[in-house]
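Please look over the sequence and the three-dimensional view together before reading on.

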Amino acid sequence: MVTFVIYDTSDDRVRLKFAEACKDAGLVRFQYSAFRGEIDREERETLGLRLAKILGDEEGRFLVQPVCEHDIDGALIVETCERIAYGE
């Protein structure tokens with residue numbers, strides 16, 4: 001299932017490790033602190049646990065959000081001012 005990971009932290013070390021964890025899970029960055037990609041439930045749970053361990057007691061937050069294909073198909077994705085794509 002398509003999964004979005006969005007995070008917010010002021011700690012550069014945590015931010016870098018979050019990005020590495022997302023890339024290791026096969027997700028692709030689409031904003032500075034946001035990734036998306038196809039991962040299953042077990043991979044989402046593993047990633048969530050890894051992110052929680054990285055965050056530890058540091059100030060910050062993250063969201064690991066699965067989205068069904070039906071909702072993805074209706075998404076509006078704007079990548080530049082010149083190109084607009086609906087779904088994929």
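**A walk through the fold**

The chain has three helices and six strands, where helices (H or I, at least four residues) and strands (E, at least two) are DSSP runs numbered from the N terminus. Read along the sequence, these elements follow the pattern β-α-β-β-α-β-α-β-β. The model is predicted, so that local features need pLDDT of at least 70 and side-chain atom pairs count only at pLDDT 80 or more, while totals for chains, interfaces and linings use all residues. Residues are numbered from 1 along each chain as its sequence is written, and side-chain values use heavy atoms, with hydrogens and water left out.

Of the 88 residues in the chain, 32% are buried; buried means under 20% relative accessible area, exposed means over 50%, and partly exposed lies in between, with a 1.4 Å probe and protein chains only. Among the contacts in the chain with a separation of 6 or more, 61% are between residues 24 or more positions apart, a contact being heavy atoms within 4.5 Å.

Four strands form an open sheet in the order β2-β3-β1-β4, with antiparallel pairing; two strands pair if DSSP finds at least two bridges between them. Strands β2 and β4 (60–67) stand at the edges with a single partner strand each, so one side of each is left without a neighbour in the sheet. On average, neighbouring strands of this sheet are turned by 25° against each other, direction ignored, where axes are lines fitted to C-alpha atoms, for helices over the stretch in contact, and angles run from 0 to 180 degrees between N-to-C directions.

Strand by strand, the pairing can be followed across the sheet. Strand β2 (residues 28–31) pairs with β3 (residues 34–38) in the antiparallel sense over three bridges, with V28 standing opposite R36 in β3, and a hairpin of two residues joins β2 to β3. Strands β3 and β1 are paired antiparallel over five bridges; here T3 has G37 of β3 as its bridge partner, and F4 stands opposite R36 in β3. Between β1 and β4 there are eight bridges, again in the antiparallel sense, and D8 stands opposite R61 in β4. Six of the eight residues of β1 are buried, so this strand is largely enclosed by the rest of the structure.

In the loop between β2 and β3 lies S33. This residue counts as buried because its relative accessibility is 19%. Leaving out residues up to four places away in sequence, S33 touches V5, I6, Y7 and R15.

The helices can now be placed against the sheet. Helix α1 lies across β1, β2, β3 and β4 and runs at about 170° to β1, whereas α2 lies across β1 and β4 and runs at about 175° to β4. The 13 residues of α1 should span 18 Å at 1.5 Å a residue, and its end C-alpha atoms are 18 Å apart, which agrees; the expected span is 1.5 Å times one less than the number of residues.

Which residues of α1 are buried? They are V14, R15, F18, A19, A21 and C22. These residues cover an arc of only 160° around the axis, which puts them on the same side of α1, the arc being that of the directions from the helix axis to the C-beta atoms. The buried residues of α1 pack against β1, β2, β3, α2 and β4, while the face turned away from them carries the exposed residues D12, L16, K23 and D24. For D24, the relative accessible area is 57%, which means that this residue is exposed.

Leaving aside neighbours within four places in sequence, L47 is in contact with V5, A21, C22, A25, L27 and I39.
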